[in-house]
Amino acid sequence: MIEYTSKYNVRTTMYQQFEHSAKERGSNPCLYYYNNTLSWNETADMVDKCAAALVANGVKKGDRVIICLPNMPQCVAAVYAVNKIGAIASMLHPLSVKSEADYTINLVDAKFAFCFDVSEKAFTQNPDLTVIKCRTAQYFPKTPYGFIANMLYKKKIKGKTAPAENVKKLIDWADFLNEGEAYIKDNGVPETANDSLATAAIMMTGGTTGNPKGVMLTSEAINNLSYQLVDVVEQVMHMKVNQDTDGMLSALPVFHGFGFALCMHVSMCVGMAQALFPAFDAKMCSDSIKKYHLNYIFGVPDFFEKVYKAGYLKGIDMSSMKLIGSGGDVVPYSLTEKMDRLLKENGAKVHFVTGYGLTECVTVCTFTDPRREAPQGCIGVPCYNIEAMTVKPGTTEKCEGEDGELCIYAPTLMQGYWNDPEETAKMLVEHEDGRVWLHTGDMCFIDERGDIYYRQRLKRVYKISGYLVYPSFIEETYRAMAEIYDCCVIGKEDGGKTILKLFVVKNKKFNNDDEAALVEKIKEFGEQNLSKWSVPREVVFIDALPRTKVGKVDFKVLN
C-alpha cells in the first residue's frame, strides 16, 4: 500500500470530492462559460439529473461510458455523473473521426456515449449504442452576447456536422436531463458509489507499441495528482488556496489527463471556480483571466506564444498568480524566458513552470520549481509523493551519472491497459525493491541536485500540437487505399515542431499514375478518415520499405 503524504483525504471517489465542494460552496460560482456563470448548486443539480438519466437508460456500475466532448458544462456533468453511479468515463478526443470512435467503442465495449455537434457523426452506424447529443451553445447566456456567440458558432461548424444514424437511441441533452428529473421524482437520486480504487476513467494513449490503448485510472490516482498541485502551492510556495478569489483556466482538453486532473478536477476538489473553453482561443482565454482574476493557468506552448506575441496579458496585475505553466508538448526555452519576463513585469511572485508526464500516471509527474528559473532542457523534479530514477534500457538496473530510461513510482500509476495484460507488463515492472515502477520509454538524465533532463522518446508515438498520434493506426488506415501496397509514417522536426511524413509503396497497377495527383488523393483520404493531427504533411514514394533482419519495417532509417 502506497502511503500518501498529502494532508488531504484522497481515498474517496471523484464524485465525493465534487459533492463535498458543492455542499460547501452552494450558490458561489462553479463554472464560467461564454460569459455565463453556473453555481455549484446548479452544477450539482445537473450532475444528479445526468446520473439519474444514465441509470434510467440502463447504465450500471462498471459500464464504460464514452465522453467525446470538449470543455463544456455537459462534459463536466457527465464525468461526475458517471463516477457517481460507479460507471467508467472513457474519454475520447472530441474531434475523433468514425474509425477512431469505432475503435474505442469496440475496445471498451461501450453501449453509451456523449457527443457534441461536431463529433455526433463519428458515432453513426452503431445500432447497440445510445448517443446523447450535447450542443456547444446549450449554456451560452440568454443575452445579446450569447445570441451573437451562437450565430458565430453556427457559422463556424457549418458543413462539419451530420446526424448519428442507425444508433439504438439518439437524444438531446435537455431531453436527457428531463428523463433524469422524472427518474428522481419516482425513485430519488441514485445511490453514490464509494469504491475509490475502482476504475474511474479510461484515457486513450499510445503505450509501448504505438497502438491506441485504454489507460485505467482510479479515483485515488486522479485525486492524488490533483492534490499534488495544492500541496505545491501550500507547502512549496507557502500560499493559501482561497476558494473565494482563486480561479482555474480550464482550456486544456478534459479528454487528456492534464486537463482532466490538473484543471477540471483540481477546481472540483478545492471548491474554486473554473473557466471552461471548448477550444483554445488566446484572446478569449486572456479576457477571462482578466475578468475572473484566474490565477491557475495551464496551456500548450502555442497558446502562450500567441498570448505573449499579441500582448494580451501585458500590464495586468499578476501579484496573486499561484501557478502558471505549459505542458502537452515540448516547451521552447525561449518561451520560458519570455513568460518569466512577463510575470516579473506584472508583479508575479512565481516563475513559469514546465513539466513532463504520461497518461499512465494520470499525466504530470515532474515539473520545474516555480520558485526559481529552470535550467535549459530541464523537465523538473518529481512532484509530491512521486519518485523517479533512471535504469539501463530494457533492464531494472539503476544507472547514475548517465542517460537512462526514466522510471516512475507514484500513487498516480495506472491500474494497467484495458484488456491488455501483455502491454501492461511492459510498462509496469516489479523491481528488486519489491515495488512496481512505471517504465516510461523515455531517455532522461538526472543530475546531482535531482533535476531531470529529457533526451529522447523511445516509443513510436508522436505529439502534434500537443496531441498524441499513432503511426501504426495511420498506416493501417492508409493501407485501405487501393493505390497503396504498403506505407510507413515517421515524425520529422520542422521549425521546432513535429510533422508527419508518409512513405508509400504503390500497388503495381498504379505505378504509372501521376504522383502529384496521387499525393492529393492520399491527403484527401486522410482528411476524410483521420483526425487532422494524424494527416501527414509530406508524402514520399519509394520502391520498398526498409526492413530489419527479423523482417520488421525499419522506420528509424527513414528520414
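Which residues of strand E3 point one way, which point the other way, and are they buried or exposed?

1. Arg-64 and Ile-66 point one way from E3 (residues 64-67), while Val-65 and Ile-67 point the other way. All are buried, a term for under 20% relative accessible area with a 1.4 Å probe and protein chains only. In a regular strand, side chains alternate between the two faces of the sheet.

2. A word on the basis: this is a predicted model, where local features need pLDDT of at least 70, side-chain atom pairs count only at pLDDT 80 or more, and totals for chains, interfaces and linings use all residues. Numbering starts from 1 along each chain as its sequence is written, and side-chain values use heavy atoms, leaving out hydrogens and water.

3. E3 has parallel pairings (at least two DSSP bridges between strands) with E4 (residues 88-91) over 4 bridges and with E5 (residues 112-116) over 3 bridges.

4. Do look at H3 with helix H8 (residues 257-270): their axes come within 12 Å and cross at roughly 80°. H3 is therefore roughly perpendicular to H8, the word for angles of 65 to 115 degrees. Val-76, Val-79 and Tyr-80 in H3 meet Phe-260, Met-264, His-265 and Met-268 in H8, contact being heavy atoms within 4.5 Å. By class, this contact has 6 nonpolar residues, 1 polar and no charged ones.

Key
Buried means under 20% relative accessible area, exposed over 50%, partly exposed in between (1.4 Å probe, protein chains only). Axes are lines fitted to C-alpha atoms, for helices over the stretch in contact, and angles run from 0 to 180 degrees between N-to-C directions. Angles under 35 degrees count as roughly parallel, over 145 as roughly antiparallel, 65 to 115 as roughly perpendicular and the rest as oblique. Ala, Val, Leu, Ile, Met, Phe, Trp, Tyr, Cys and Pro count as nonpolar, Asp, Glu, Lys and Arg as charged, and the others, Gly among them, as polar.
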